[in-house]
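Colleague: Could you walk me through this one feature by feature? I would like the general idea and then the case at hand.

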Amino acid sequence: MSDVNILIAFYSRTGSTEALAKAIAEGAREAGAEVRLRRARDLVGAEIMKKAPGWLENSARMDRDYEAPTEADAEWADGLIFGTPTRFGLVSSELKAYIDTLGGLWFQGKLNGKAGSAFTSTSTTHGGNEITIQSLYTPMAHLGMIIVPTGYADPVMFRAGTPYGASSVSGQTAVPPTADEIEVAKFQGKRVAQVARALKTLKA
Ligand SMILES: Cc1cc2nc3c(=O)[nH]c(=O)nc-3n(C[C@H](O)[C@H](O)[C@H](O)COP(=O)(O)O)c2cc1C
């Protein structure tokens, strides 16, 4: 059993945010964490999902590969990392719907003092990656979490990502994250695991 638990709760439709989530998981595991990787479920109806090639298929595949995040996952975690594609410059409703299930834990102060961090994927360079990550800081503050940005705390941060968290630019054809974008995500996973461990030790 590991001494620190990390929940990565993400939404993804075409796989970019998923690829970052997997790299974050790898970084956290390398730092000794036990990781739960969970995908928030779709909210948009099949008639819309059918309009873009691959959306329905990707969704079905990811639903097979990942459990949906639960309240119990959040309570289990010492660090929570939220990931979302940018939707009109903000968090996706699918991930937000999961965050909105955490009201009971908020009421009991159960997430107070846990590490929180966020990441995103956009289709364009200035399509809202930084503001999307920052929009996830708001519920984290309400929940009393200690927000962990990536900063420029590793040389890879000068090559990709944002100082707020990992991000990728997928273009019009769902281009997968670059090697540097993946490195940033691994760094984020490692950093959050280290901070979550330190906070847990402090509490103990
Ligand atoms: C409804 C909708 C709104 C979007 N809004 C933005 C946006 O504001 N900025 C942007 O760069 N990309 C936007 N995108 C594109 C996605 O954020 C981008 O393709 C992302 O990489 C998808 O991540 P995923 O592969 O994990 O689903 C939007 C896509 C959809 C379907």
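Colleague: How do strand 1 and strand 2 pair, and over how many bridges?

Modeller: Strands count as paired if DSSP finds at least two bridges between them. Here strand 1 (residues 5-10) and strand 2 (residues 34-39) run in the parallel sense and share six bridges. Asparagine 5 stands opposite glutamate 34 of strand 2, and isoleucine 8 stands opposite leucine 37. Keep in mind that this is a predicted model, where local features need pLDDT of at least 70, side-chain atom pairs count only at pLDDT 80 or more, and totals for chains, interfaces and linings use all residues. Residue numbers start from 1 along each chain as its sequence is written.

Colleague: Where do the element names come from?

Modeller: They are DSSP runs numbered from the N terminus: helices are H or I with at least four residues, and strands are E with at least two.

Colleague: Which other strand pairs with strand 1?

Modeller: Strand 3 (residues 79-85) does, in the parallel sense and over five bridges. There leucine 7 stands opposite leucine 80.

Colleague: Which faces of strand 1 are covered?

Modeller: In a regular strand the side chains alternate between the two faces of the sheet. A residue is buried if 20 or more other C-beta atoms lie within 10 Å of its own, exposed if 12 or fewer, and partly exposed in between, with C-beta atoms placed from the backbone. In strand 1 both faces are covered: Asn5, Leu7 and Ala9 are buried on one side, and Ile6, Ile8 and Phe10 on the other. In strand 2, five of the six residues are buried.

Colleague: What unit do strand 1, helix 1 and strand 2 make?

Modeller: A right-handed β-α-β unit. Right-handed means that, with the strands pointing away from the viewer, the path from the first strand over the helix to the second runs clockwise.

Colleague: How does the span of helix 1 compare with what its residues should give?

Modeller: The expected span is 1.5 Å times one less than the number of residues. The 15 residues of helix 1 should therefore span 21 Å, and the end C-alpha atoms are 22 Å apart, which agrees. The buried residues of this helix include Leu20, Ala21, Ile24 and Ala28. Just after helix 1, glycine 32 has a positive phi of about 95°.

Colleague: Which residues come nearest to the ligand?

Modeller: A residue is taken as near if its C-beta atom, placed from the backbone, lies within 6 Å. Of the 20 residues around the ligand, Ser12, Thr17, Pro85, Thr122 and Gly127 come nearest. Helix 1 (16-30) and strand 4 (115-122) are the elements that give two or more residues to this shell. Helix 1 provides the largest share, three residues. The shell divides into three nonpolar, 14 polar and three charged residues; Ala, Val, Leu, Ile, Met, Phe, Trp, Tyr, Cys and Pro count as nonpolar, Asp, Glu, Lys and Arg as charged, and the others, Gly among them, as polar.

Colleague: Why does threonine 86 count as buried?

Modeller: Because threonine 86 has 24 C-beta neighbours inside 10 Å. This residue lies in the loop between strand 3 and helix 5 (93-99).

Colleague: What is the phi of phenylalanine 88?

Modeller: Most residues other than glycine have a negative phi, and most peptide bonds are trans. Phenylalanine 88 has a positive phi, near 50°. Phenylalanine 88 sits in the loop between strand 3 and helix 5 and is exposed, with 8 other C-beta atoms within 10 Å. Alanine 174 also has a positive phi, about 50°; alanine 174 is partly exposed, with 15 other C-beta atoms within 10 Å.
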